[in-house]
Amino acid sequence: MNENIQFLQAFLKNPGTVGSITPSSPELANKMIAGLRPGPDNIVIELGVGTGAITKYLQHIVPDERSYLGIEIDRHLVRSLRKKYSDLTFVRGNATDLADIHNRSGMGNVGAIICCLPFVSLPNKLGEKILQEIDKYMQQGCTFRTFQYAHGFYFPSAVRLREFMRRRYGKAQRSPMIVKNVPPAYTLTWSAN
Ligand SMILES: C[S@@+](CC[C@H](N)C(=O)[O-])C[C@H]1O[C@@H](n2cnc3c(N)ncnc32)[C@H](O)[C@@H]1O
């Protein structure tokens, strides 16, 4: 099935969980993976994989199947991701269980978390729980990168996420606005060291 239609279907079923009507553009995907060097003991975790708009580019810098773990809550999307990217590992699960899922996977240390979750439309409590999970890995020296849409940049939940990270890890490295994305977006990166 066409990726845009599949994404739209997922959105229409669960608008708040999917948070966007179109997948990320190649320009945004490339910004999301810039500078990452995944390896078996420096794995990259992708939260909220969707139809794989970012995975499509990430797969080229992932050296083997032990270096990537994708977590996605929608079982239909997970089924299709497993078919499309048969060399990569996808777990159907909730990002609130990040540490459990990673521990059960038996994979190595986490070097980077690429987060595509729509914090703006997720319930606050869920967002907080996910940030606590991410923080466990930040404390071990991981890099955290997410994107925020320009129109939602000052929404309370977007500001809350930035404040949570800023208080612990300083100001984000923010990309220029990526206008070749619908809607335009910024990437934000925090590194623990
Ligand atoms: C904005 S879409 C991003 C999809 C894709 N990465 C992209 O950039 O086009 C957000 C994705 O996060 C997933 N998601 C939302 N809440 C989640 C959660 N708590 N745990 C895991 N995945 C979640 C949704 O099902 C959806 O596929």
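How many aromatic pairs does a search of the whole structure find? The search finds six aromatic pairs, and the legends below describe a predicted model.

**View 1. Y85 and F90 form a tilted aromatic pair.** The ring centres of Y85 and F90 are 6.4 Å apart, with 50 degrees between the planes. Both residues are buried: Y85 and F90. Ring pairs also bring in Y68, so that Y68, Y85 and F90 are linked into a cluster.

**View 2. F153 and Y154 form an edge-to-face aromatic pair.** Centre to centre, the rings of F153 and Y154 are separated by 5.2 Å, and their planes make an angle of 85 degrees. Because planes over 60 degrees apart count as edge-to-face, the pair of F153 and Y154 falls in that class. Is F153 buried or exposed? F153 has a relative accessible area of 5% and is therefore buried. Y154 has a relative accessibility of 66%, so Y154 counts as exposed.

**View 3. The charged end of R168 sits over the ring of F164.** The distance from the charged end of R168 to the ring centre of F164 is 3.6 Å. F164 and R168 are both among the residues of helix α8 that make its contact with α7, which is the topic of the next view.

**View 4. Helices α7 and α8 pack with a right-handed crossing.** The axes of α7 and helix α8 (residues 156–169) come within 11 Å and cross at roughly 25 degrees. Angles under 35 degrees count as roughly parallel, and α7 and α8 are therefore described as roughly parallel to each other. On the α7 side the contact is made by N124, L131, Q132, D135 and M138. On the α8 side R160, L161, F164, M165, R168 and Y169 take part.

**View 5. Helix α6 packs against α7.** Helix α6 (residues 98–105) and α7 have their axes 8 Å apart, at an angle of about 50 degrees. That angle makes α6 oblique to α7. L98, A99 and H102 of α6 meet E133, I134, K136 and Y137 of α7.

**View 6. Y137 lies in helix α7 (residues 124–138).** Why does Y137 count as buried? Buried means under 20% relative accessible area, and Y137 counts as buried because its relative accessibility is 4%. Leaving out residues up to four places away in sequence, Y137 touches L98, A99, H102, V110, I113 and C142. I113 is 24 residues from Y137 in sequence, yet the C-alpha atoms of Y137 and I113 are 8.5 Å apart in space.

**View 7. T143 lies in strand β5 (residues 143–149).** T143 has a relative accessible area of 19% and is therefore buried. Not counting residues up to four places away in sequence, T143 touches G111, A112, I113, M138, T189, W190 and S191. The C-alpha atoms of T143 and V110 are separated by 8.7 Å, although these residues are 33 apart along the chain.

**View 8. Helices α1 and α5 pack with a left-handed crossing.** The axes of helix α1 (residues 3–13) and helix α5 (residues 75–84) come within 11 Å and cross at roughly 160 degrees. Angles over 145 degrees count as roughly antiparallel, and α1 and α5 are therefore roughly antiparallel to each other. E3, Q6, A10 and K13 of α1 make the contact with H76, L77, S80 and K84 of α5.

**View 9. T51 is placed in the loop between β1 (43–47) and α4 (55–58).** T51 is buried, with a relative accessible area of 1%. Aside from neighbours within four places in sequence, T51 is in contact with E3, Q6, F7, P23, L77, L81 and K84. Among these contacts, E3 and Q6 also belong to the α1 side of the packing with α5, and L77 and K84 to the α5 side.

**View 10. A cis peptide bond joins V182 and P183.** Omega for this bond is about -10 degrees. Most peptide bonds are trans. P183 lies in the loop between β6 (173–174) and β7 (185–191).

Key
Residues are numbered from 1 along each chain as its sequence is written. This is a predicted model: local features need pLDDT of at least 70, side-chain atom pairs count only at pLDDT 80 or more; totals for chains, interfaces and linings use all residues. Side-chain values use heavy atoms; hydrogens and water are left out. Rings of Phe, Tyr and Trp (its six-membered ring) pair if their centres lie within 6.5 Å; planes under 30 degrees apart count as stacked, over 60 as edge-to-face and the rest as tilted. Buried means under 20% relative accessible area, exposed over 50%, partly exposed in between (1.4 Å probe, protein chains only). A charge sits over a ring if NZ of Lys or CZ of Arg is within 6 Å of the ring centre and within 35 degrees of the ring normal. Helices (H or I, at least four residues) and strands (E, at least two) are DSSP runs, numbered from the N terminus. Contact means heavy atoms within 4.5 Å. Axes are lines fitted to C-alpha atoms, for helices over the stretch in contact, and angles run from 0 to 180 degrees between N-to-C directions. Angles under 35 degrees count as roughly parallel, over 145 as roughly antiparallel, 65 to 115 as roughly perpendicular and the rest as oblique. A crossing is left-handed if the near helix is turned anticlockwise from the far one by less than a right angle, and right-handed if clockwise.
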